[in-house]
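Please keep the sequence and the three-dimensional view at hand while reading.

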Amino acid sequence: MKLPSPLSVIAVTALALASTVAIARAANESADPPAQEASADHHHDEAEDKSAPKEAPKPQPRRKVDPEKRKKFEAERAKYQKRLKDWKNAKKYRGCRFQAPQSFLVRGNFLKNGQLQPAAHQRAVKYRAEKYGILPGFNLDAYSAGTVGEQVVSARFMGLPIQIHERVEPALICVENRIKQQCSKHEKDKYKANGIGGLRVGNTYRGGEISNHLFGIAIDIDSGRNPCCGCVDPWPNHPLCKKKSASVYERTALTRCWIDSFEKYGFYWLGRDKLEDTMHFEFLGNPDRILP
Ligand SMILES: [Zn+2]
């Protein structure tokens with residue numbers, strides 16, 4: 001992936017504190033593997049855990065995939081890509097379906113008192129692997145004949161580069177269009193994003209939870225201005241987290257208009273979670289229902 005050079009510089013600077021994550025080579029990768037993502041918000045979702053982040057999963061030996069399943073996967077993917085292309089090239093903007101996050105995918109619903117609920121969590125993991133592909137090293141091979149890595153695309157959001165899963169790309173385009181239409185008239189609605197992050201290859205969660213950044217379905221916006229008050233140090237020391245009796249909307253520079261725009265299209269705002277991770281949105285809708 002080619003990053004414009006000023007952004008590369010920013011990204012590299014932002015990474016100064018982070019350990020570099022090696023790209024894990026996905027089994028069965030037919031497309032170019034995604035470039036390393038330099039996201040400014042490294043480790044922010046290291047929930048209630050003070051230990052160092054894990055290394056990216058080690059490359060796994062090439063797994064055997066049923067050729068029939070692989071053929072079916074490739075055929076479905078080609079069909080989807082054609083639909084997406086037609087949608088993008090349509091003379092008139094066709095928009096996306098409105099949808100809500102699916103509740104069984106919402107973090108707070110498979111995590112109780114900081115403990116993963118195994119059956120509920122497994123259901124959410126299985127769904128994501130079936131829809132978005134497998135992640136090498138996570139024992140998900142039975143769920144899909146394709147990898148996440150081969151289905152990630154380089155896109156732009158509000159002019160900024162991002163790597164995101166191709167199934168979710170149209171939802172992000174619709175969020176951007178809505179923001180441009182709805183959030184530019186009044187001062188209270190406006191927001192200017194300076195740095196975003198999408199795909200990551202290193203898991204920052206502990207205890208078996210898999211970050212939606214690994215599936216390429218999460219986006220972080222300006223970690224410096226939109227803190228994660230429930231994350232590990234130093235996050236809780238952020239001035240916005242110290243505000244007394246403030247609602248979560250006061251703990252973020254993002255405007256309601258921006259948050260609402262994401263939520264219209266199936267993104268869940270992690271500001272609603274007990275982590276109060278206000279920089280983070282993840283697509284928890286049904287990706288098959290995005291395109292009209
Ligand atoms: Zn995030």
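This is a predicted model: local features need pLDDT of at least 70, side-chain atom pairs count only at pLDDT 80 or more; totals for chains, interfaces and linings use all residues.

How many bridges join β6 to strand β8 (residues 280–283), and in which sense do the two run? The two strands are joined by 3 bridges and run antiparallel. Within this pairing, Ile-219 has Phe-281 of β8 as its bridge partner.

Ile-196 stands opposite Ile-221 of β6. Strand β8, in turn, is joined to strand β7 (residues 267–269) by 3 bridges, and these two strands also run antiparallel. Phe-281 of β8 is the bridge partner of Trp-269, while Glu-282 of β8 is the bridge partner of Tyr-268. Taken together, these pairings give an open sheet of 4 strands in the order β5-β6-β8-β7, with antiparallel pairing. Strands β5 and β7 are at the edges and have a single partner strand each, so one side of each has no neighbour in the sheet. Helix α7 packs on this sheet, where α7 touches β7 and β8, and the direction of α7 makes about 140° with that of β7.

Is β6 (residues 218–221) covered on one face or on both? Both faces are covered: Ala-218 and Asp-220 lie on one side, Ile-219 and Ile-221 lie on the other, and all of them are buried. A corresponding description holds for β8, from which His-280 and Glu-282 point one way and Phe-281 and Phe-283 the other way, all four being buried.

In soluble globular proteins, nonpolar side chains tend to be buried together. In this model, the largest nonpolar core holds 50 residues, of which Ala-171, Val-175, Phe-262 and Phe-267 touch the most other members. At least two residues of this core are supplied by each of α4 (118–132), β3, β4, α5 (169–182), β6, α7 (256–264), β7 and β8. Which element makes the largest contribution to this core? The largest share, 6 residues, comes from α5.

Buried residues of α5 include Glu-169, Pro-170, Leu-172 and Ile-179. The buried residues of this helix pack against α2 (67–89), β3, β4, α7, β7 and β8.

Several features of the backbone remain to be considered. Most residues other than glycine have a negative phi, and most peptide bonds are trans. Against this background, Asp-222 has a positive phi, near 45°. A cis peptide bond joins Asp-233 and Pro-234, with omega about 5°.

A further positive phi, near 50°, belongs to Met-158, which is placed in the loop between β3 and β4. Met-158 counts as partly exposed, because 17 C-beta neighbours lie inside 10 Å. Gly-159 lies in the loop between β3 (152–157) and β4 (160–165). With 9 C-beta neighbours inside 10 Å, Gly-159 counts as exposed. The C-alpha atom of Gly-159 is separated by 9.0 Å from that of Ala-193, although the two residues are 34 apart along the chain.

The protein has 7 helices and 8 strands. Of its 292 residues, 38% count as buried. Among the contacts between residues at least 6 apart in sequence, 68% join residues at least 24 apart.

Conventions
Residues are numbered from 1 along each chain as its sequence is written. A residue is buried if 20 or more other C-beta atoms lie within 10 Å of its own, exposed if 12 or fewer, and partly exposed in between; C-beta atoms are placed from the backbone. Two strands pair if DSSP finds at least two bridges between them. Two residues are in contact if their C-beta atoms, placed from the backbone, lie within 7 Å. A nonpolar core is a set of buried Ala, Val, Leu, Ile, Met, Phe, Trp, Tyr and Cys residues joined through C-beta atoms within 7 Å. Axes are lines fitted to C-alpha atoms, for helices over the stretch in contact, and angles run from 0 to 180 degrees between N-to-C directions.
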